[in-house]
Amino acid sequence: SSSSSSSSDVNSNVLVARSTGDAQLDKAVWQWLSWDKNQKTKEQIESLLQNGKHKELRDRLCCRLTFGTAGLRSAMGAGFCYINDLTVIQSTQGIYKYLERNFSDFKQRGFVVGYDTRGQVTSNCSSKKLAKLTAAVLLAKDVLVYFFSTYVPTPFVPYAVQQLGAVAGVMITASHNRKEDNGYKVYWENGAQITSPHDKEIIKCIEECVEPWNGSWNENLVDTSPLRQDPLKKICDSYMEDLTKICYHRELNMQTSLKFVHTSFHGVGHDYVQLAFKAFGFQPPIPVPEQKDPDPDFSTVKCPNPEEGESVLELSLRLAEKEDARVVVATDPDADRLAVAEQQENGCWKVFTGNELAALFGWWMFSCWKENCSQDADVRNVYMLATTVSSKILRAIALKEGFHFEETLPGFKWIGSRVKNLLDNGKEVLFAFEESIGFMCGTSVLDKDGVSAAVVIAEMATYLEGQSLTLARKLVDIYETYGYHISKTSYFLCYDPPTIKRIFERLRNFDGPQSYPKCCGIYNILHVRDITTGYDSSQLNKKSVLPVSKSSQMITFTFQNGCVATLRTSGTEPKIKYYAEMCALPGHSDRSVLEEELQKLIEALIENFLEPDKNGLTWRSA
């Protein structure tokens with residue numbers, strides 16, 4: 001093999017001599033071929049060069065990965081803006097440099113590395129291998145590394161960072177993205193995902209040391225270095241122990257005849273959800289056999305996102321019918337999000353939206369707090385949080401019950417940081433969520449967690465069954481008590497960034513330069529908030545209270561009829577998302593009228609503001 005590698009090096013130099021006529025590209029090609037030691041990805045670049053595919057080479061080599069709402073995320077494959085061995089090494093070198101500057105005790109306190117079960121044969125790329133390279137960069141620099149010996153749910157990494165007192169951690173995952181993708185999610189010492197300015201500073205550090213250091217490619221270091229520790233048993237035991245802090249009805253759980261089906265969507269969830277149910281006193285949930293074990297091809301679902309609803313839950317719903325189980329819980333491939341379905345009296349299944357589940361969780365976590373709090377507990381010290389594109393149902397519950405509700409920018413990284421801040425100031429946080437089925441019950445993990453959410457929903461369903469209620473029936477009760485909140489979220493696909501920019505710039509200059517629309521079809525607009533520019537017409541100084549986020553597009557319209565609608569770009573996928581919600585006061589509750597009004601408004605929003613035909617947007621396939 002040594003002779004073949006040297007001939008390949010000679011071959012690379014011959015190829016580099018074949019100039020592309022573009023000095024910047026020539027340099028990038030030369031760097032890639034000199035630095036990449038993964039034969040498969042190296043060959044991908046060599047082959048593009050040989051075939052004169054200069055545009056594709058430019059696309060792959062002349063831009064870098066940037067931090068979105070969930071860290072670095074991209075397709076696996078060759079190139080500086082893809083996820084592969086080389087870009088993961090570069091990113092880790094940058095993080096090493098940044099942490100070394102920030103923590104004098106970095107090497108002693110250590111760093112956590114976890115990974116899911118993704119992989120791509122054509123690039124010889126897998127989450128585990130990328131995790132080993134991440135660990136190698138740090139071990140070669142004498143940093144203590146807590147490297148999990150097997151795949152874990154994403155929430156285990158932020159949990160481990162806090163439990164072990166590490167300075168930071170990385171999870172290699174692309175969560176529920178398509179199978180071609182992978183990602184690199186970074187957590188700070190507080191157990192929350194990094195936000196600015198850390199992300200910007202890390203990118204600068206990455207750019208300062210792009211050439212791999214000696215030892216960075218040595219993925220065997222995780223097996224040989226005395227500085228590598230396996231935190232799996234300690235963290236798993238401790239996590240399950242902490243989970244029982246939010247278990248309130250253990251006796252009921254032990255006795256219930258209710259049966260649950262769990263699908264782990266070909267990802268990491270199976271073992272951990274089984275253990276969580278056990279910790280709560282339940283019989284284990286019935287697993288969907290075809291989806292129980294990791295499969296990087298996600299071969300039984302068209303996309304590995306449980307948010308897509310009934311179409312991807314087919315196998316679990318059929319199994320539940322066969323087993324006479326009324327509730328299905330589905331964790332996404334890295335087990336940080338949760339979908340729930342419940343069979344109704346008529347035999348049909350109701351798949352709950354993230355906003356509906358949040359109404360249930362919010363009611364439940366507050367009721368359990370109220371029943372179990374000490375005599376002198378002050379409800380004004382209690383908080384719940386949601387991202388600004390999520391339902392305002394928690395705000396309605398908070399207003400009536402007397403606790404605090406706060407909003408953050410989209411992305412759980414904002415929630416995690418804010419929750420940590422509240423806890424440090426002596427506040428009690430019961431629950432936080434984002435509408436894309438991300439839930440945080442309790443504060444053991446400062447990130448969304450599908451494992452804990454699954455078992456909390458099971459306990460809730462068990463408790464409600466004792467009251468002769470279903471989850472769906474309780475949801476109606478909650479809406480009747482606190483006011484109906486009817487929301488709809490969907491998206492269009494758009495693979496052309498200039499088109500996306502044009503759509504949003506048109507909205508900023510709608511009736512002339514720097515003037516936002518005053519109406520949308522027949523619907524009058526009361527206020528506009530633009531998070532990209534920091535403008536908010538509802539504030540006296542016209543400045544948004546939420547921090548500006550220049551790197552992504554996001555505009556919110558508040559309509560005269562009480563509807564709030566947001567258009568934004570996804571931080572992890574080529575999507576324009578829309579979110580719309582009608583909020584009614586308690587007692588003003590004709591659901592069908594609200595639904596009809598919301599539907600018409602969404603149609604107007606799409607037709608007037610997104611113009612899908614003109615802009616060549618692809619509708620989400622229902």
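# Questions on labels

Biologist: Why does Thr499 count as buried?
Modeller: Its relative accessibility is 6%. Buried means under 20% relative accessible area, exposed over 50%, and partly exposed in between, with a 1.4 Å probe and protein chains only. Thr499 therefore counts as buried.

Biologist: What kind of model is this, and how are residues numbered?
Modeller: This is a predicted model, numbered from 1 along each chain as its sequence is written. Local features need pLDDT of at least 70, side-chain atom pairs count only at pLDDT 80 or more, totals for chains, interfaces and linings use all residues, and side-chain values use heavy atoms, without hydrogens or water.

Biologist: Where does Thr499 lie, and what does Thr499 touch?
Modeller: Thr499 lies in helix α20, residues 497–508. Helices are DSSP runs of H or I, at least four residues; strands are E runs, at least two; both are numbered from the N terminus. Leaving out residues up to four places away in sequence, Thr499 touches Cys494 and Asn615. Contact means heavy atoms within 4.5 Å.

Biologist: How do you know how α5 and α9 cross?
Modeller: From their axes, lines fitted to C-alpha atoms over the stretch in contact, with angles from 0 to 180 degrees between N-to-C directions. The axes of α5 (residues 85–102) and α9 (residues 198–208) come within 7 Å and cross at roughly 115°. On the α5 side, the contact residues include Gly94, Ile95 and Tyr98. On the α9 side, they include Ile202, Cys205 and Ile206.

Biologist: What makes up this contact by residue class?
Modeller: The contact of α5 with α9 has 5 nonpolar, 4 polar and 4 charged residues. Ala, Val, Leu, Ile, Met, Phe, Trp, Tyr, Cys and Pro count as nonpolar; Asp, Glu, Lys and Arg as charged; the others, Gly among them, as polar.

Biologist: Why are β15 and β17 called edge strands?
Modeller: The open sheet has 4 strands in the order β15-β14-β16-β17, with mixed pairing. β15 (404–408) and β17 (438–441) each pair on one side only, so they are the edge strands. Two strands pair if DSSP finds at least two bridges between them. Neighbouring strands are turned by 15° against each other on average, direction ignored.

Biologist: How do you know which way β14 and β16 pair?
Modeller: β14 (residues 382–387) and β16 (residues 428–434) share 5 bridges, in the parallel sense. Ala386 stands opposite Phe433 in β16. Helix α17 (residues 412–424) packs on the sheet, touching β14, β15, β16 and β17. The direction of α17 makes about 175° with that of β16.

Biologist: Why is β16 called largely enclosed?
Modeller: 6 of its 7 residues are buried, so the rest of the structure largely encloses β16.

Biologist: What joins β16 to β17?
Modeller: They pair in the antiparallel sense over 4 bridges. Ala432 has Met440 in β17 as its bridge partner. Their hairpin has 3 residues between the strands, and Ile437 takes a positive phi near 50°.
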